[in-house]
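Dear colleague,

I am handing over the structure we spoke of, with the sequence alongside. Please look through it before reading my notes.

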Amino acid sequence: SGINAEYGDGDRSGNVPAGTVVDQGVTSTTDFDFYLNSHQGIQGTNKPAKYHVLVDENKFPADMIYKLTYHLCHVYARCTRSVSIPAPTYYAHLATDRARAHLTNAKYNFDSSDGASSVGTSGAGPRDPDSRLKRS
């Protein structure tokens, strides 16, 4: 099935149209999963994203989940075209990159008396993270 595609449709490069959903044939017979090609190919071959619905507490019909996923691919602020995965996924990736950068620059204190690690900004310099594990 698809949001706006018919069999044999394609753009000039032979890619399936944006919004094409595949939920039969190559998907699991026991799990709720689907492939969605949410964007037009600029150059080369499109690669659709695969989605697994883990929990659906709202009991949405499958078509509504497909459309929601498709429309979320159009709200990414850094791009004027639709993107391959939903914008919240891109934003989560950016947030984890920023957190990793902050944690990489932080100085760690791993030798507290209770065994817990803490982040500090003392001028003592970097410490060996394995120092607690070494036996005398």
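This is a predicted model: local features need pLDDT of at least 70, side-chain atom pairs count only at pLDDT 80 or more; totals for chains, interfaces and linings use all residues.

The chain contains 2 helices and 5 strands, which follow one another along the sequence in the pattern β-β-β-α-α-β-β. Of its 136 residues, 20% count as buried, and the chain exposes about 10,200 Å², of which carbon and sulfur atoms supply 53%. Among contacts between residues at least 6 apart in sequence, 29% join residues at least 24 apart.

The largest nonpolar core has 13 residues, and those with the most contacts inside it are Val21, Phe34, Leu36 and Tyr51. Strand E2 (33-37), strand E3 (49-52) and helix H1 (62-72) each supply at least two residues of this core, with H1 giving the most, namely 3 residues.

A search of the whole structure finds 6 aromatic pairs. One of them joins Phe32 and Phe34, whose ring centres lie 6.2 Å apart with the planes at 40 degrees, so this pair is tilted. Phe34 also pairs with Tyr51, and here the arrangement is stacked, at 5.1 Å centre to centre and 25 degrees between the planes; this pair links distant parts of the chain, since Phe34 lies in strand E2 and Tyr51 in strand E3, 17 residues apart. Phe34 counts as buried at 0% relative accessibility, and Tyr51 is buried with a relative accessible area of 15%, whereas Phe32 is partly exposed at 27%. Phe32, Phe34 and Tyr51, together with Tyr66, form one aromatic cluster.

With best regards

Notes:
Residues are numbered from 1 along each chain as its sequence is written. Side-chain values use heavy atoms; hydrogens and water are left out. A nonpolar core is a set of buried Ala, Val, Leu, Ile, Met, Phe, Trp, Tyr and Cys residues joined through side-chain atoms within 4.5 Å. Buried means under 20% relative accessible area, exposed over 50%, partly exposed in between (1.4 Å probe, protein chains only). Helices (H or I, at least four residues) and strands (E, at least two) are DSSP runs, numbered from the N terminus. Contact means heavy atoms within 4.5 Å. Accessible areas come from the Shrake-Rupley method with a 1.4 Å probe; for residues, only the protein chains shown count as cover. Rings of Phe, Tyr and Trp (its six-membered ring) pair if their centres lie within 6.5 Å; planes under 30 degrees apart count as stacked, over 60 as edge-to-face and the rest as tilted.
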